[in-house]
Amino acid sequence: MHRELALKLALVTWLTAVWVLLWGNVSVANIAGGIVVALFVTTVLALPTVPVEGRVHPLSVVRLVGVLVYYALVSSVQVAWAAVRPGPNPVNAVLRYPVRIKSDLVLTFMVDSLNMVPGTLVLEIDRAERVLYIHVLDVAKPDAIDQFRTIVRVYEDAFIRAFERDSEWHPAVVHTTRDDEDTVVETAHDITTDYSAGPDGKDRR
C-alpha cells in the first residue's frame with residue numbers, strides 16, 4: 001500500500017514537473033495547474049497497473065545512466081561515419097536476442113533505451129519467449145555482431161543490477177496466471193542472426 005502511494009506521488013510529481021517545463025515558467029499558478037492535470041491523468045485517465053517488481057539500487061542506476069550515455073555517443077559517431085565514409089552502403093541486419101529480464105516494466109525500459117541508440121531499433125518483442133528482434137546498422141565487419149552482442153549484454157546486465165537482481169526479485173500476482181505458468185523464459189545470452197542482407201540483396205546467415 002505504501003509502495004503504491006509512493007509510486008503515485010512520484011508520478012504526480014513527474015507529470016507536474018513536465019507541465020511546468022512545457023510552460024517554461026516556474027510559478028505558483030503553473031505548479032497548481034500541473035498538479036490538477038497530473039491528478040486528472042492518474043485518476044480519470046489511469047492506465048492498467050503495471051506490476052513493479054524488484055528494488056531500485058541508486059548507485060547501479062547511476063552506472064546505468066553512464067552506460068546509456070556512453071554507448072549513445074559511441075553509436076552516434078559510428079552512424080555519422082557510416083553516412084559519410086566512401087565505399088558501399090552499410091550492411092544491415094535483424095538480430096534475435098533472448099533476454100534474461102523477467103519484468104515487463106524493466107524490459108520496456110531496456111527497449112526504449114535501445115531505441116535511443118542511433119542505428120538501432122527494436123522491431124518486435126516476443127513477450128512470451130522473452131526475445132527481442134533488433135535492427136542493427138552496419139554489420140559488415142567480421143566482429144560487428146559480436147560487438148553488438150556485447151553492447152546489448154552490457155545494457156541488460158546494467159538494468160538487472162539496477163532494478164531486478166535475482167535475490168530481490170519477486171513475481172507480482174499478475175505473473176502467476178495460467179499463461180505465465182506455460183511461459184518459457186530464455187536464459188541464453190547470445191545473439192543469433194535471423195536475417196542479414198547485403199547491398200546485393202542476398203541473405204547472409
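Which residues on the other side of helix 2 are exposed? They are V28, A29 and V36, where exposed means over 50% relative accessible area, buried under 20% and partly exposed in between, with a 1.4 Å probe and protein chains only. This is a predicted model, in which local features need pLDDT of at least 70 and side-chain atom pairs count only at pLDDT 80 or more, while totals for chains, interfaces and linings use all residues. Residues are numbered from 1 along each chain as its sequence is written, and side-chain values use heavy atoms, with hydrogens and water left out.

**Helix 2**
- Helix 2 covers residues 28-43 and reaches 23 Å from its first C-alpha to its last, close to the 22 Å expected at 1.5 Å a residue, the expected span being 1.5 Å times one less than the number of residues.
- Its buried residues are N30, G34, A38 and T42.
- Because these cover an arc of only 95 degrees around the axis, they are on the same side of helix 2, the arc being that of the directions from the helix axis to the C-beta atoms.

- Leaving aside neighbours within four places in sequence, Y155 is in contact (heavy atoms within 4.5 Å) with V67, L68, Y71, M110, S113, L114 and V117.

Methods: Helices (H or I, at least four residues) and strands (E, at least two) are DSSP runs, numbered from the N terminus.
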